[in-house]
2 protein chains.
Amino acid sequence: MTGAGDTFSFKVAARDGAARSGRIETPRGEILTPAFMPVGTAGTVKAMLPEHVRATGADIVLGNTYHLMLRPGAERVARLGGLHAFMNWPRPILTDSGGFQVMSLAQLRKLTEEGVAFQSHIDGSKHMLTPERSIEIQCLLGADIQMQLDECPAIPIAEDDARGSMELSLRWAKRSKAAFADFSAQGQALFGIVQGANYERLRRESLDGLMALDLSGYAVGGLAVGEGREEMFRVLEFTTPHMPADRPRYLMGVGKPADIVGAVARGIDMFDCVAPTRSGRHGQAWTRAGPINIKNAAFAEDDAPLDPESACPASRDYSKAYLHHLFRAGEYLGPMLLTWHNLQYYQDLMAGLRAAIASGSLADFIARFTNETGETLV
Amino acid sequence: MTGAGDTFSFKVAARDGAARSGRIETPRGEILTPAFMPVGTAGTVKAMLPEHVRATGADIVLGNTYHLMLRPGAERVARLGGLHAFMNWPRPILTDSGGFQVMSLAQLRKLTEEGVAFQSHIDGSKHMLTPERSIEIQCLLGADIQMQLDECPAIPIAEDDARGSMELSLRWAKRSKAAFADFSAQGQALFGIVQGANYERLRRESLDGLMALDLSGYAVGGLAVGEGREEMFRVLEFTTPHMPADRPRYLMGVGKPADIVGAVARGIDMFDCVAPTRSGRHGQAWTRAGPINIKNAAFAEDDAPLDPESACPASRDYSKAYLHHLFRAGEYLGPMLLTWHNLQYYQDLMAGLRAAIASGSLADFIARFTNETGETLV
């Protein structure tokens, strides 16, 4: 395993405007940044073998605390040797805090200063997720990068409400740090989450409060819930310039390729999103010319693969006509291949961004990307 | 590709009692016998990448004419370069005639001397499957081994009815051979199907009629529809001794591991069955000690893999606890891994049978198999 030491560290290797490329070192291996983390919600990147996730170029995957605490349970995963051994992924894992999924998936949830009480969407069982329990669970799972519990309100939200929520998240960040000191192992890292909706003064206050805690990395939260690309970029533009230059910056739950390209240009280092895996399962394939729906009748006799020049078997070895057939017939292999292809597309995009930043040619990369995909990034 | 010539041939290399081991040569590669053919119904072995099907040791896969003629359509597959290119499987493919699925899956089917008229179970469209059309479809698909259209009645059946059905199948065999002469390409092979239910005299008459057509191989049909292992073995015992020694013998739609072991001992060379793939999708794993249901609570914290000594990643790299979790959570990876494991189990079984026959130790192999699995084969 390259980069294996016993500490967590981050180094910026190159800059191009606000964009940075670099590497995070963890005891379980290095993470080249800007990095895209495939989402492995329930201990598996859906429809993917872990060796193929790695083969696409992924250095790290994300696990969802909410799902794993309910099934199979954090203590059970710990007894089975931790999440890495459980899911046969020896490289770095980032876990979220569970907070976002509790608020979007759980039943009868009740948020208090203490945390969130809720009932499982699986079996109705009652649970309490606090900042301390979230960190304990993430440590039981053995996550290399852990996230504080936060509250993540949707935009638009009134400023007073956004302030109250942000301040709660900040208090939870402090409690998370204390719990992390109790539970964590050598080389694990805790990230804080900047909240404050689309209010510049709130984002600054949130960031200042988190920086006072001297955390290993800082995430920007609350921007993956439908506020739109322009507003997301606007928030990043008044937030990332103030984030510590020597810590990784993680934009949570984002996004589509154009979101990622634009956010990298605004100084973000890490991303996660279900888009490539979820859309792959539903028949959408990302290509250099933008997304296509393989179920469309236009592909029924298209004997060209999605990308004949790709090193990825899923992109190279199967015709669009065959993929079309697999989705029409409801065959497992359709989601398997399109998920794999989409993850390869995303990792190729990240590799392209890293190379462009390293060579000082990000503007050219973005111009080519917007030209090919028809996307706008301003 | 090893064994690539431009003709179809079969050579027996070793015998042990009634059992034989050998090899079939085809223009697309060799098939070591006794062989198990994974079922790729709709142009895909369900939940498997073709390179992993091959990695288990499979030399040949089976495609279902009924499914492929309805979706995506034989002419479409031909325009796309044939079934091998379509499904990214360059090695031999055997296709059935479509008859068995028409009678079990199609709607409003009507059997006449001419063939079977039916409506698609997918979209209700009307079709006519005749011996000639079945061969034409199999040639459009490009199958290396093709099967005559037959009627395949369930046992028990009155002898008069069984005779009428067998004689129809024999007439269809003759028509199939004539169509095969018109449509087939160099190196493709046509197999006849011995019918006659569990009546010795009918099986002999069927076989005699087929042998007069001098076909490339002979299948035993009608034994995969629930008559029981003892009765199946009894039919084989009065049938296989009369089958040509220099042609492959194929027991259609069979079976479970114990069925295969017992049938090999009775002189069968080729098998196909959905058991390993279908049961894998439903959580059943074949092990040396017999089948287990991975969804059983007993496996929730079982950190041992299905077979730590296997070369197959699915058998070796994931704990039973993880597989249990994947099935409980409804994750794609569960069926993917258990299908892979089961196909590896089947191919390992075939390799073991071939080695035992080659070394004259089949009796020892069978004794160990029955001892480990608790199965009886007499």
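Predicted model: local features only at pLDDT ≥ 70, side-chain atom pairs only at ≥ 80, totals over all residues.
Which residue is the bridge partner of B:Thr287 in β16(B)? The reply comes under the first point of this note.

1. Residues are numbered from 1 along each chain as its sequence is written, and chains are lettered from A and ligands numbered from 1 in the order in which they are written. The bridge partner of B:Thr287 in β16(B) is B:Gly290. Strands β15 (residues 284-287) and β16 (residues 290-293) of chain B pair in the antiparallel sense over 4 bridges, and a hairpin through 2 residues joins β15(B) to β16(B). Helices (H or I, at least four residues) and strands (E, at least two) are DSSP runs, numbered from the N terminus, and two strands pair if DSSP finds at least two bridges between them.

2. **Relation of the two chains.** Chain A is superposed on chain B by a rotation of 180 degrees with 0.0 Å of shift along its axis, at an RMSD of 0.0 Å; the superposition is by least squares on the C-alpha atoms of residues with pLDDT of at least 70 in both copies. The two copies are thus related as by a two-fold rotation axis. The C-alpha of A:Tyr332 is the one in chain A nearest the axis, 3.9 Å from it. The same surface serves both copies, since 100% of the contact residues of chain A recur in chain B.

3. **Composition of the contact.** Chain A contributes 30 residues and chain B contributes 30 residues to the contact, where two residues are in contact if their C-beta atoms, placed from the backbone, lie within 7 Å. On the side of chain A that touches chain B, at least two residues each are supplied by α3 (74-79), α4 (83-87), α13 (320-328) and α14 (333-358) of chain A, and the largest share, 5 residues, comes from α13(A). The residues of this side of chain A divide into 15 nonpolar, 6 polar and 9 charged; Ala, Val, Leu, Ile, Met, Phe, Trp, Tyr, Cys and Pro count as nonpolar, Asp, Glu, Lys and Arg as charged, and the others, Gly among them, as polar.

4. **The parallel sheet of chain A.** An open sheet of 8 strands, with parallel pairing, runs in the order β4-β14-β13-β12-β11-β10-β6-β5 in chain A. Its edge strands are β4 (35-37) and β5 (61-63) of chain A, each of which pairs on one side only. Neighbouring strands of this sheet are turned against each other by 25 degrees on average, direction ignored. Helix α8 (residues 200-211) of chain A packs on the sheet, where it touches β11 and β12 (217-220) of chain A, and its direction makes about 160 degrees with that of β11(A); axes are lines fitted to C-alpha atoms, for helices over the stretch in contact, and angles run from 0 to 180 degrees between N-to-C directions. Within the sheet, β10 (residues 145-147) and β11 (residues 189-194) of chain A pair in the parallel sense over 3 bridges, and A:Met147 stands opposite A:Phe191 in β11(A).

5. **The antiparallel sheet of chain A.** A further open sheet in chain A has 3 strands in the order β7-β8-β9, with antiparallel pairing. β7 (107-111) and β9 (126-129) of chain A stand at the edges, each with a single partner strand, so one side of each is left without a neighbour in the sheet. The twist averages 15 degrees from one strand to the next. Strand β8 (residues 116-119) of chain A is joined to β9(A) by 4 bridges, and the bridge partner of A:Gln119 in β9(A) is A:Lys126.

6. **Two exposed residues.** A:Lys110 lies in strand β7 of chain A and counts as exposed because it has 10 C-beta neighbours inside 10 Å; a residue is buried if 20 or more other C-beta atoms lie within 10 Å of its own, exposed if 12 or fewer, and partly exposed in between, with C-beta atoms placed from the backbone. Leaving aside its neighbours within four places in sequence, A:Lys110 is in contact with A:Val116 and A:Ala117. A:Asp123, in the loop between β8 and β9 of chain A, counts as exposed with 8 C-beta neighbours inside 10 Å.
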